[in-house]
Amino acid sequence: MTLGVAASLAATESPALAAGGARSVVFTQTGSLADSSSKRVTQLQIDAVTGRAYAIDHPSDELVVYDISLASPRALARVPLGSDPVDVAVDPDTHQVYVSDHVDNTVTVVDGHPASPTANTIVGTLSTTGLGGQGIAVDEGSKTLYVANTDSSDLSIIDLGTGSTARVALAGKPDDVVVSSGDHRVYVSSQASRTITPVTGKVAGASVAVAATPTGLSLGAGGLVVSTVDGTENRVALYDSFPTRLNVSAALDSPVASVSSDGTAFLHYVVTTSGRLHALRLDTLTADGDATMLPSALSTATVDPASHRVIGTTSGMSAANLATYEVAASPIIVSLTTSTAAVGVPFTLVAVAVGLPTTMTYSLTGGALPPGLSLASTGEITGTPTTSGTFDFTVSASNGSPTAWAAPYRITVTPAVPTAPVITSAAPPNGTVGVAYPRHQLTASGSPSATFTVSRGSLPPGLNLDERTFEIYGIPAVAGRFEFTIKAENGVGVADSLDYAVVIAPATAVAPTITSGTPTAGTVGTKYSGFTITSSGSPAPRFTVTSGSLPAGLSLDAATGSLAGTPTKAGRFAFTVTATNVAGQDSREYTMVIEAAGPTPTPTPTPTATPTPTVTPTPSATPTPTTPGSTSTPAPPTGTPGGGAGSAGGSASSGGSVAAGSGGRLASTGSVAPAIGTLAGCALLGGGLVVAIGTLRRRHLE
């Protein structure tokens, strides 16, 4: 009978795998079903699209339909079959189910589409025209059905489109058949002749004798799996491009009952007649996981390709039991682990690991990558090598399982061969005035690395070529079409040059919006600065006072919006400023306060080193003539308000002294301008002269 899940046979040699230690494989049961209507069921055949599974129950000879889409399977229907149903095949495209019959020499067709009005009923019967039908397989790609006929020693080939049947004679008594839908190759085994025969189209190839009796065939992700028995030794063998055998398992405890393969878990699930489940690595057929922790007492096990769950069956006298298991399998790196690279040449190598869960994280856990390369957590090793040599390192893959997989890698980097540069970067993009230009990276092949220059013409105004990174960047300042030539050279061969034309579009006109707040206050006589009227908009707007007036002494810069000047008049001034460009205008009213200036303090004369004469009482109120060479003002008459105590007036020199017998006059030496006005009064206090001034004007002498 057909074992496992049909899959494409690999057409190329499997990649070499680095030994990374034992893998962890953990089964967790999520549900079960005790089907008391069934006793002994064959291995399940699964339609991954509909979530249905099919098996033949003996001795009732009925097709049992199960729903396996949920955590626990459930029985949906039972379909009565013919005299001796043997094997089941499912077409995942049409959801039709085919059952071979050894006695009736027919194929029963059951509608397996859940939405069909005839679901789970017989919709047709096909004649094999052969005798003793056993194994059955369907090629969903070519819509062809194959039945191995033991008694007539041939293979029935049924065209499902036309219903026509052809038969191909085979050596021995064929009993099992599998088909690869990818390349439509068919393999037929015979226990009687201990052979496997490939069939292409309707032509049988040469039968190949195998060392042990083939008891069953399975096509999985790893290739063609053949179950064998040789005396007391029971094994499974793995073939790639038949008849090339890749590996064979260690001896198993008893004959093989079922095989099902999961490429994502990288495992073959093999159940023997003793009830043991063996988890064998997909490529080497070595045992993975702890055998004592795997499910036991199983009759068969089948992988659901959609969920990667394993559904086990156990036959019994009172009921057939189904159990569903979630599988957690630690990663295994299946990609190539050796490669070559060259200095200066971009390089990529991707680490690929499989396992359940499928989300992987990759890390460097030993050694060092070649300089210039880096490893991403997603497994990509990329970069441009800068140093030649052989570099050994270790990459580990983890998916949250108890163990990670560590694979040794080797990358050999060869020295760079000097080659002339060839510009590989795309043409620089166009731009817009006032809009930041997207940094454009110039690149070129060749070794050593090339340098770039503008050899003819010039870049658009506002753009520059970074001499270190060779990026074109900046903010375009002028609209127009600009033609220039970029040259790449590295000292090898002929430099490479490419002509470019970049169009810079005018700035997009946007109406202005004034954004500044209220102007700060100013002071009469103090220079005003620090406030600028601002506005958005493109092109930049110009500013004007459209109503009211600025404070006297201030002006508005039409281009910058700056208020400047020295206020000359205090008060509150209301005015409106309008910002205008080609797209429109915006106005805002302002009120500005100019404060009055505070009183100006009287400067204090600076003392000199001239000795201060003593003060003598004034003998009378009679005016005293002025000392020759001095300047004076007339003294107020005797009894004038503000007169000094005991005198009609007083005088002081600009040096700060009071002249004896001066008749109360103020004398000037020329360093301070003469006082012009009225002295309100003067007095001697603490040895100094205190003068109360009524009206005083000063002028500084140059």
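User: In which loop does proline 448 lie?

Analyst: This is a predicted model, in which local features need pLDDT of at least 70, side-chain atom pairs count only at pLDDT 80 or more, and totals for chains, interfaces and linings use all residues. Residues are numbered from 1 along each chain as its sequence is written, and side-chain values use heavy atoms, with hydrogens and water left out. Strands (E, at least two residues) are DSSP runs, numbered from the N terminus, as are helices (H or I, at least four residues). Proline 448 is placed in the loop between strand S41 (444-447) and strand S42 (451-457).

User: What is the form of the peptide bond from serine 447 to proline 448?

Analyst: Most residues other than glycine have a negative phi, and most peptide bonds are trans. For the bond from serine 447 to proline 448, omega is near 0 degrees, and the form is cis.

User: Which residue does a cis peptide bond join to serine 538?

Analyst: Omega of this bond is about -5 degrees.

User: How many residues apart in sequence are the parts tied together by arginine 167 and aspartate 154?

Analyst: The two side chains meet in a salt bridge, with N to O at 2.7 Å; the term denotes a side-chain nitrogen of Lys or Arg within 4 Å of a carboxyl oxygen of Asp or Glu. Arginine 167 belongs to strand S14 (residues 165-169) and aspartate 154 to strand S13 (residues 154-159), so the parts that they tie together are apart in sequence by 13 residues.

User: Which residue forms a salt bridge with glutamate 471?

Analyst: The closest N and O atoms are 3.0 Å apart. Glutamate 471 lies in strand S44 (residues 471-474), and its partner in the loop between strand S39 (431-432) and strand S40 (440-441), 32 residues apart. The partner is arginine 439.

User: What is the relative accessibility of histidine 95?

Analyst: Histidine 95 has a positive phi, near 65 degrees, and is a residue other than glycine. It lies in the loop between strand S7 (85-90) and strand S8 (96-101). Histidine 95 counts as buried because its relative accessibility is 9%.

Terms used. Buried means under 20% relative accessible area, exposed over 50%, partly exposed in between (1.4 Å probe, protein chains only).
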